[in-house]
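Trainee: I'd like to learn how to read charged pairs and surface patches in a model like this one. Can we go through it together?

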Amino acid sequence: FGYPKLRLNLLIEYTDDSKETIATDTSWRITANGPIRSNNEYDGEIHDYTRKGGIHSSAILLPSHAPKEYADRSTLWNAVEMIEKQHNSQLAREIEVSIPKEIPSHLWQRMMIDFCNTNFVKQGMIADLSVHNKDPNNPHCHIMLTMRPIKENGKWGAKSRKEYVLDDNGNRIKLASGNWKSTKVDTMDWNSQDNAELWRTNWSEHCNLYLENLGHTERIDHRS
């Protein structure tokens with residue numbers, strides 16, 4: 001059946017350039033940000049990123065009902081790709097956050113795990129995080145988030161569902177084609193643009209709590 005092909009990437013940029021939704025293409029791998037060796041079940045190739053420099057730490061965080069094997073990065077993202085049937089399916093959402101330089105490096109992974117568990121994993125997403133420190137003046141973290149919910153039985157759930165449009169009398173509306181008029185409704189609110197502001201606010205508060213506990217007077221403001 002071959003590797004999924006798309007001639008463009010779907011990119012959504014917000015005002016701080018920190019959030020994007022990713023679509024498949026023929027050259028890009030969703031696991032490239034982590035220090036991993038990933039087996040591609042589509043073409044049998046091995047994508048080896050273990051020699052990529054600047055990686056401080058990485059982790060995969062799972063909801064309690066997610067299959068434990070998804071703690072393996074290659075298994076997780078191959079499963080994500082395999083479940084999607086459309087050539088232009090959105091596979092993941094990436095968020096990049098900057099870590100204040102005042103926070104010592106031995107705390108970076110713990111603060112990222114705490115943040116991701118509270119804001120993403122608790123909502124049902126799987127979070128794949130990779131902390132980078134190649135530039136000592138710019139420590140940051142890439143967070144890859146799954147787009148589909150996971151059902152209680154460990155299977156992938158639907159991203160959206162069909163909802164019929166009703167007339168003023170509560171009856172379904174039949175189109176000229178003979179089909180019923182319907183609309184697509186997201187099963188989760190993860191795509192809401194309000195989340196971008198919420199996550200930015202929560203990140204600034206999270207960083208400021210660490211800065212305060214470390215005795216620093218500096219604070220960050222998500223509005224800047």
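This is a predicted model: local features need pLDDT of at least 70, side-chain atom pairs count only at pLDDT 80 or more; totals for chains, interfaces and linings use all residues.

Trainee: How do I read one of them? Say, which residue does K159 pair with?

Mentor: The general idea is to look for a Lys or Arg side-chain nitrogen within 4 Å of an Asp or Glu carboxyl oxygen. Here, the side chain of K159 meets that of E84, with N to O at 3.3 Å. K159 sits in the loop between β7 (140-146) and β8, while E84 is in the loop between α1 (73-83) and β5 (90-98), so this pair ties together parts that lie 75 residues apart in sequence.

Trainee: Are those two residues buried or exposed?

Mentor: Use the cut-offs: under 20% relative accessible area is buried, over 50% is exposed, and partly exposed is in between. E84 has 13%, so it counts as buried. K159 has 23%, so it's partly exposed.

Trainee: And which residues are linked with K159 in a network of salt bridges?

Mentor: E84 and R148 join K159 in that network.

Trainee: Okay, what about a pair inside a helix? Where do E197 and R200 lie?

Mentor: Both are in helix α3 (residues 194-213), and they're three residues apart, which is about one turn of the helix. On accessibility, R200 counts as buried because its value is 18%, whereas E197 is partly exposed at 39%.

Trainee: What is the N to O distance for E163 and R161?

Mentor: That salt bridge comes in at 3.6 Å between the side chains. Run the accessibility check again: E163 is partly exposed at 36%, and R161 is partly exposed too, at 43%.

Trainee: Where is W180 found, and why does it count as partly exposed?

Mentor: W180 is in the loop between β8 (160-164) and β9 (182-186). Its relative accessibility is 32%, so W180 counts as partly exposed.

Methods. Residues are numbered from 1 along each chain as its sequence is written. Side-chain values use heavy atoms; hydrogens and water are left out. Helices (H or I, at least four residues) and strands (E, at least two) are DSSP runs, numbered from the N terminus. Buried means under 20% relative accessible area, exposed over 50%, partly exposed in between (1.4 Å probe, protein chains only).
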